[in-house]
Amino acid sequence: MAINEERLREFCLALPKTELHAHLTGSVSRDMLHRIWKTAKERDPDLELEDPLLTLEDIWHSTSFFVMFTKYIYKLVNNEEAVRVSTLDVLKNFEQDGVMHLELRTTPRVGPNMSKDQYVKTVLDAISEFNQTSKTMKTFLILSMDRRNTQAQAMEAVDLAIKYRDAGVVGVDLCGDYKVGDARTLKPCFEKAKAASLHITTHFGETKHGYGELELLLSYEPERLGHVIYITPEIKQEIVHRKLGIEICLTTNVVGKHVESYTKHHLQEWLQEDCPIALCTDDVGVVESPSSNEYFLAGLHLSLPLERLWQIALGAIDCAFVSEEEKELCRKRLRGWKAGEGQKWLAVEA
């Protein structure tokens, strides 16, 4: 039976979703970056940064993705006010897209007049402000260590995660360019995070350069893994044995040319395994594919029934970095939606 794309898209937008792999800076919309750039340009007419509406037009083909962040977006969103307004805008966009549970991640960084501590506090203040007013979405924060970091720099992220654990930080992540740095040096950082009962996720097998560290990263006992593209059969077997959460990022995998196409995406392989799966956006501000579109793409290209998409949304809750009580609230809401509003689509399919 042919897929009704309009009905599928409506369902995916209305579906209460759990987003577990979203980089804060990469989630800032082009329009918001333009507004920040315009304000900065008015203050400093000699600002050398180009309008982001032009810079991000063809980012995947024109320059390195990592260079884009370090050389452009980090320089633009580099003060407390820019961090605050961009964070609030990101949260608003996720909420409007039907996300009910959001775990943003970000690497603590400095600005001309902003310390790493001030950066993290600014993000958390924005999250707290939003959580107090939102009736449909709750947000938490994961602090990332970058592969480019020295052990001391990475430990700063862990220490900040511990410091702000009661203010909404739920875990730590390892991200960044696989060709840079040595994950072996970060063992004490992971050990300290684990000892402090912080949750752990890590980018895992995102590029071919990551093959050499797969066993090492698993030894750090992560609870979730991001991307999981380039792995061996033995590593996959171990992941399934541990029932680790899999953070799937369809669009960035395909647009970034790590996966040939949506129809050949490894998501369909993981759907056959007994591991919780979360469909994630990764960098929605760059690729402009919100959470609802990730569900839409999965349903469209892998011919998944609406019921299966609902089950994926339910399973994603299992690997959220929050208490079982918080998870149960999400499950209750999703089941209630299915029994009520969701029947508009599910009853027709049945």
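The sulfur of Cys-330 has its closest cysteine sulfur in Cys-319, 12 Å away, which is too far for a bond. Cys-330 itself is buried, at 9% relative accessibility. These values come from a predicted model.

Another cysteine to look at is Cys-280. The closest cysteine sulfur to that of Cys-280 belongs to Cys-249, at 5.1 Å, and this too is too far for a bond. A disulfide needs the two sulfur atoms within 2.5 Å. Cys-280 is buried, with a relative accessible area of 0%. For the structure, the count of disulfides is 0.

The aromatic rings come next. Rings pair if their centres lie within 6.5 Å, and by this rule there are 5 aromatic pairs. In the pair made by Trp-337 and Trp-345, the ring centres are 6.0 Å apart and the planes meet at 20°, so the pair is stacked. The cut-off behind that word is an angle under 30 degrees between the planes. Trp-337 has a relative accessible area of 7% and is therefore buried. Trp-345 counts as buried as well, at 5% relative accessibility.

The charged end of Arg-9 sits over the ring of Phe-296, at 3.7 Å from the ring centre. Lys-236 lies over the face of Trp-270, with 5.2 Å to the centre of that ring.

Definitions and conventions
Residues numbered from 1 in each chain as written. Predicted model: local features only at pLDDT ≥ 70, side-chain atom pairs only at ≥ 80, totals over all residues. Heavy atoms only, no water. Phe/Tyr/Trp six-rings, centres within 6.5 Å; stacked < 30°, edge-to-face > 60°. Buried < 20%, exposed > 50% of the residue type's maximum accessible area, 1.4 Å probe, protein only. Lys NZ or Arg CZ within 6 Å of the ring centre and 35° of its normal.
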